[in-house]
Amino acid sequence: MGRTFSERKLVIASHNQGKLREIRDLIGPLGIEVVSAGELGLPEPEETGSTYIANAELKARASAEGSGLPALADDSGLSVTALDGDPGIYSARWAGPEKDFALAMQKVEDRLQEQAAAGNRDRSAAFVCALTICWPDGHAESVEGRVHGDLVWPPRGANGFGYDPMFIPEGHDKTFGEVDAGWKHSVSHRAIAFEELLKQVGLEKPPAGAGGNAG
């Protein structure tokens with residue numbers, strides 16, 4: 001186990017509203033007060049890391065230093081087997097400056113069609129999530145979670161965000177865009193990483209029905 005997290009307030013180092021909703025939902029049962037980097041007016045640092053964990057750490061460190069509070073950051077993306085792991089850590093960049101994930105999904109599908117035309121019909125993929133908690137003194141704890149599945153076309157469902165509408169997790173028949181948030185939280189890459197992080201920093205979820213829900 002790493003450093004124990006004992007503070008009662010945490011900055012979520014993200015300006016992505018979809019990620020903020022999911023992370024708030026995951027943290028809520030712990031009774032920890034959360035505030036986002038955007039609410040504190042903290043800038044988004046440039047993501048210059050070459051791995052998910054490196055990018056999560058630089059975002060968490062920037063928010064911890066800027067706020068004087070522990071900060072939790074996420075870096076996540078879609079790794080497509082037939083595309084040699086792309087878009088990977090560049091998943092958000094494929095959506096362009098307007099964060100148009102319909103465009104990003106179309107780019108993925110266009111490249112998969114190119115692969116299919118060349119004889120490679122592999123549509124397997126994985127969602128990957130790195131989570132980092134960083135304290136103001138610079139100490140960081142990081143974990144990574146992933147969920148495997150396949151990509152469908154056209155996209156299905158209006159729930160979730162990002163590439164969710166084209167991703168079906170292994171063993172299921174609905175995309176992340178078709179299921180409700182509670183179900184997604186039980187199987188997603190972010191939920192898997194969050195469970196690992198709780199173990200690493202000595203936090204436990206209270207039993208069902210116990211504890212409060214921090215805003």
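Let's begin with open space: the largest pocket has a volume of about 750 Å³. On a 1 Å grid over the protein atoms alone, a pocket is an open set of points with protein on both sides within 12 Å along at least five of seven lines, and a volume is the space filled by probe spheres set on the points, which are joined across faces, edges and corners. This is a predicted model, where local features need pLDDT of at least 70 and side-chain atom pairs count only at pLDDT 80 or more, while totals for chains, interfaces and linings use all residues. Residues are numbered from 1 along each chain as its sequence is written, and side-chain values use heavy atoms, without hydrogens and water.

Around the largest pocket you will find 33 lining residues (those with an atom within 4 Å of a point). Asn16, Lys19, Glu47, Ala92 and Lys99 lie nearest its centre. Two or more lining residues come from each of α2 (52-67), β3 (71-80) and α5 (189-200), with β3 giving the largest share, 5 residues. These elements are DSSP runs numbered from the N terminus: helices are H or I with at least four residues, strands E with at least two. By class, the pocket lining has 12 charged, 11 nonpolar and 10 polar residues.

A cavity is a set of points where a 1.4 Å probe fits but cannot get out, and the count comes to 1 cavity of 30 Å³ or more. The largest cavity holds about 60 Å³. Its lining includes Phe5, Leu10, Ile27, Leu72 and Ile133, and α5 gives the most, with 3 residues. The cavity lining has 11 nonpolar residues, no polar and no charged.

Note on methods:
Ala, Val, Leu, Ile, Met, Phe, Trp, Tyr, Cys and Pro count as nonpolar, Asp, Glu, Lys and Arg as charged, and the others, Gly among them, as polar.
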